[in-house]
Amino acid sequence: EGAGPQEYTLIKMEVLEPLPNVFKSFKGKKVNFVAATLRPETMYGQTNCWVHPDIKYIAFETVNDGIFICTKRAARNMSYQGFTEKDGEFNVLEHFVGQNLLGIALKSPATCYQKIYSLPMLTIKEDKGTGIVTSVISDSPDDYAAFVDLQKKPAFREKYGITDDMVLPYKPVPILEIPEFGNLSAVHVYDKLKIQSQNDKDKLVQAKEMVYLKGFYDGVLLVGEFKGSKVQDVKKNIQIKLIEQKDACIYYE
Ligand code: A2H
């Protein structure tokens, strides 16, 4: 960081019909939650999407991709990257607080689950990416920790109006084999370090250090068109494919 712009893959997750009440003024349009990820190759294992209940989000119209839901800061960045009609300009169609964007059914490009839900994560940073995060509980310790919090604590689900069917049927999907960590690396390090919750900051930093580089250099894909290939050899191809399918864009910040 600090060494110039970071490239992210911007994943589009379309809100399923019928549009929920919060989006009723967008009837007939495509509405997408958008998330910035560094790991497009993990999209095969997406189990949900994360939204921070207390962060403010907006809806704005893009030129080619329908309506986007993200932070205002991200919309401004996108307006300088060709997502809107006029450079540096974007129309705010509506304002939201994250808690009103929870429990919404979404379609995700590459996962085995037909529908996934937007769920609360309390460690999302307002000033990074779009403020919305794609969740891959098999390979991200942060995602797995936040998901276990919801699975273990019915009161936490209830507080945000999350019903059991949005959480309990979802299991980590084996998508990457990493030597020493197996095919569910996030679950492995979570157990090994005895992580207690998404707020277990130091251990989560340690967990990430353990799996990330090894996943990139030695991880082998277990699913999809690039099954059997090393992540480092096909990461770019997977990103390009998602973009060609109109499921993703490139986003810098
Ligand atoms: B990654 P960097 Cl499987 N707040 O995507 C907190 N975290 C955010 C965020 C925000 N506002 N915006 C993006 N992120 C997450 C997948 C993934 C990610 C896996 C493994 C590791 C990983 C699925 N979640 O990231 O600070 C997003 O999660 C490891 C760091 O720019 C995004 O990629 O390095 C990553 O953090 C971007 O973090």
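1. Axes here are lines fitted to C-alpha atoms, for helices over the stretch in contact, and angles run from 0 to 180 degrees between N-to-C directions. Helices (H or I, at least four residues) and strands (E, at least two) are DSSP runs, numbered from the N terminus.

2. Before going further, please keep in mind that this is a predicted model, in which local features need pLDDT of at least 70, side-chain atom pairs count only at pLDDT 80 or more, and totals for chains, interfaces and linings use all residues. Residues are numbered from 1 along each chain as its sequence is written.

3. A crossing is left-handed if the near helix is turned anticlockwise from the far one by less than a right angle, and right-handed if clockwise. From α4, the residues S185, V189 and Y190 make the contact with A207, M210, V211 and G215 of α5. Two residues are in contact if their C-beta atoms, placed from the backbone, lie within 7 Å. Sorted by class, this contact of α4 with α5 has five nonpolar, two polar and no charged residues. Ala, Val, Leu, Ile, Met, Phe, Trp, Tyr, Cys and Pro count as nonpolar, Asp, Glu, Lys and Arg as charged, and the others, Gly among them, as polar.

4. Helix α2 also meets α4. Their axes come within 9 Å and cross at roughly 70°, so α2 and α4 are roughly perpendicular to each other. The crossing of α2 past α4 is right-handed. On the α2 side the contact is made by P141, D143, Y144 and A145, and on the α4 side by A186, V187, V189 and Y190. The contact of α2 with α4 has seven nonpolar, no polar and one charged residues.

5. The remaining pair to look at is α2 (residues 141–152) with α5 (residues 201–218), whose axes come within 9 Å and cross at roughly 135°. α2 and α5 are therefore oblique to each other. Here P141, D142 and A145 in α2 meet L204, A207 and K208 in α5. The residues of this contact divide into four nonpolar, no polar and two charged.

6. Now for the ligand. It is surrounded by 18 residues, and the closest are T37, K128, G129, V136 and S140. A residue counts as near if its C-beta atom, placed from the backbone, lies within 6 Å. The elements giving two or more residues to this shell are β2 (31–37) and β9 (132–135). The largest share, three residues, comes from β9. By class, the shell has five nonpolar, eight polar and five charged residues.

7. Two backbone details deserve a look. E17 and P18 are joined by a cis peptide bond, with omega about -10°; P18 lies in the loop between β1 (7–15) and β2. K194 has a positive phi of about 55° although it is not a glycine, and K194 is found in the loop between α4 and α5.

8. Finally, the overall picture. The protein has six helices and 12 strands. Its radius of gyration is 17 Å, close to the 18 Å that the globule rule gives for 253 residues, so the protein is as compact as a globular protein of that length. That radius is taken over C-alpha atoms, and the globule rule is 2.2 Å times the number of residues to the power 0.38. Along the principal axes, the C-alpha atoms fill a box of roughly 50 × 40 × 35 Å.

How values were computed
Parallel < 35°, antiparallel > 145°, perpendicular 65-115°, else oblique.
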